[in-house]
Amino acid sequence: MAEDKIKTSEPQKGVESSNLQWAPQAWAHLELVRSKSPLIQCITNFVSMDFMANTLLSAGASPAMIHSVDEIPEFTPKTLGVCINMGTLTPDWLPGMKLAAEVANQCKKPWVLDPVAAGGTSFRLKACLEMMNFRPSVVRGNGSEILALFKGSVDSNSKGVDSVYGSGDAVEAAKSLAQQSGSVVAVSGAVDYITDGDRVVCVHNGVPMLQTITATGCSVTALIAAFLAVDPSHAVEATASALAIFGVASEIGMDMARGPASLRTSLIDSLYGLDEATALGRVRISCL
Ligand SMILES: Nc1ncnc2c1ncn2[C@@H]1O[C@H](COP(=O)(O)OP(=O)(O)OP(=O)(O)O)[C@@H](O)[C@H]1O
Ligand SMILES: Cc1ncsc1CCO
Ligand SMILES: [Mg+2]
């Protein structure tokens with residue numbers, strides 16, 4: 001049974017030794033998503049809706065892009081996880097986002113925040129910080145986004161949704177943010193870092209071309225929600241598994257791709273077709 005492979009013991013140091021535990025765990029999480037097909041509510045930006053829904057479907061989850069404040073009290077309790085993404089934020093979307101976070105918390109369902117371009121404008125920063133007050137189970141952003149949330153200030157060098165920092169530049173900020181907020185914090189980039197403020201887990205999978213496809217970050221945040229939905233009490237482990245499996249799918253997809261457009265397609269195919277031997281051979285997770 002896939003649940004049996006999900007361990008709670010302390011991780012070991014180094015990629016080689018800790019992979020013995022983390023790679024089977026990542027596969028077990030994917031198997032659980034495939035078998036349980038969790039319903040994931042996504043309140044997300046207009047750019048990401050299609051790719052995010054297809055990412056969730058190819059992993060075996062069941063996405064629903066439902067964001068109306070009028071539907072949330074009835075719909076959110078039916079879900080197993082919620083993804084809230086600030087990408088194309090306007091003031092009229094915020095009450096629904098806050099209500100969905102509140103209902104998810106009341107129903108003890110995990111929810112994940114994607115603070116897109118948090119440091120881009122003061123309106124966006126304030127909204128992201130307000131969402132942090134609802135204590136997401138996990139917040140996943142790129143280096144710039146996590147640094148902006150930690151500092152609580154707009155970044156004059158912001159390039160909007162793209163990061164101007166590497167993920168490694170935001171590790172200490174991520175740890176502090178996790179300690180202050182009580183949320184697990186994930187910083188994505190060449191290496192993804194996941195922290196609860198104490199442990200730091202590193203995911204080494206992925207390909208640089210992911211940066212040239214819009215909404216790959218948004219979609220992996222939704223995948224985190226699906227992995228959390230099937231293992232809500234192990235947020236660090238589920239988040240690392242989701243990032244690793246998405247990264248592995250991109251690596252296999254890269255072998256078939258001719259550029260960003262075909263990688264977008266082959267990544268979805270690879271995630272759908274991923275088998276145990278390939279996952280165990282490719283997942284690379286270590287601990288700092
Ligand atoms: N240089 C890289 N090498 C390998 N994988 C990468 C690299 N940069 C990003 N990734 C992977 O790409 C995915 C998206 O991460 P990224 O940090 O680009 O998100 P983002 O900036 O929020 O993206 P978006 O806003 O377009 O959705 C993650 O799975 C991450 O691991
Ligand atoms: C390009 C873009 N603009 C707002 S959201 C989004 C998708 C990537 O975050
Ligand atoms: Mg993003």
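Tutor: Two residues are in contact if their C-beta atoms, placed from the backbone, lie within 7 Å. Keep in mind that this is a predicted model.

Student: OK. What share of the contacts with a separation of 6 or more comes from residues 24 or more positions apart?

Tutor: In this chain, such pairs account for 72% of those contacts.

Student: How many helices and strands are there?

Tutor: The chain has 11 helices and nine strands. Its radius of gyration is 17 Å, close to the 19 Å from the globule rule for 288 residues, so the chain is as compact as a globular protein of that length. Along the principal axes, the C-alpha atoms fill a box of roughly 45 × 40 × 40 Å.

Student: And how much of the chain is buried?

Tutor: Buried residues are 53% of the 288.

Student: Let's take a strand. Which way do the residues of E4 point?

Tutor: E4 covers residues 111–114. Trp111 and Leu113 point one way, Val112 and Asp114 the other way, and all are buried. In a regular strand the side chains alternate between the two faces of the sheet.

Student: How does strand E3 run relative to E4, parallel or antiparallel?

Tutor: Parallel, with four bridges joining E3 (residues 81–85) to E4. Within E4, valine 112 is the bridge partner of cysteine 83.

Student: Switching to the ligands. Which residues come nearest to ligand 1?

Tutor: Of the 22 residues around ligand 1, the nearest are Asn142, Ser188, Gly206, Leu210 and Gly217.

Student: Which helices supply at least two residues of that shell?

Tutor: Helix H8 (216–230) and helix H9 (235–256) each do. H8 gives the most, with four residues.

Student: What is the shell around ligand 1 made of, by class?

Tutor: It divides into 11 nonpolar residues, 10 polar and one charged.

Student: And which residues surround ligand 2?

Tutor: Among them are Asn45, Ser48, Thr88, Val116, Val161, Thr214, Gly217 and Cys218. By class, the shell around ligand 2 has five nonpolar, six polar and no charged residues. Gly217 is also one of the residues that come nearest to ligand 1.

Student: What confidence does the predictor give?

Tutor: Mean pLDDT for the chain is 95, and 94% of its residues reach 70 or more. For the complex, the predictor gives an ipTM of 0.99 and a pTM of 0.96.

Student: Where does pLDDT stay under 50?

Tutor: Over residues 8–12, for which the model has nine contacts beyond four places in sequence. Where pLDDT is low, the predicted coordinates should not be read in detail.

Definitions and conventions
Residues numbered from 1 in each chain as written. Chains lettered and ligands numbered in written order. Predicted model: local features only at pLDDT ≥ 70, side-chain atom pairs only at ≥ 80, totals over all residues. Near = placed C-beta within 6 Å. Nonpolar A, V, L, I, M, F, W, Y, C, P; charged D, E, K, R; others polar. pLDDT = per-residue confidence, 0-100. Rg over C-alpha atoms; globule rule 2.2 N^0.38 Å. Buried ≥ 20, exposed ≤ 12 C-beta atoms within 10 Å, placed from the backbone. Pairing = 2+ DSSP bridges.
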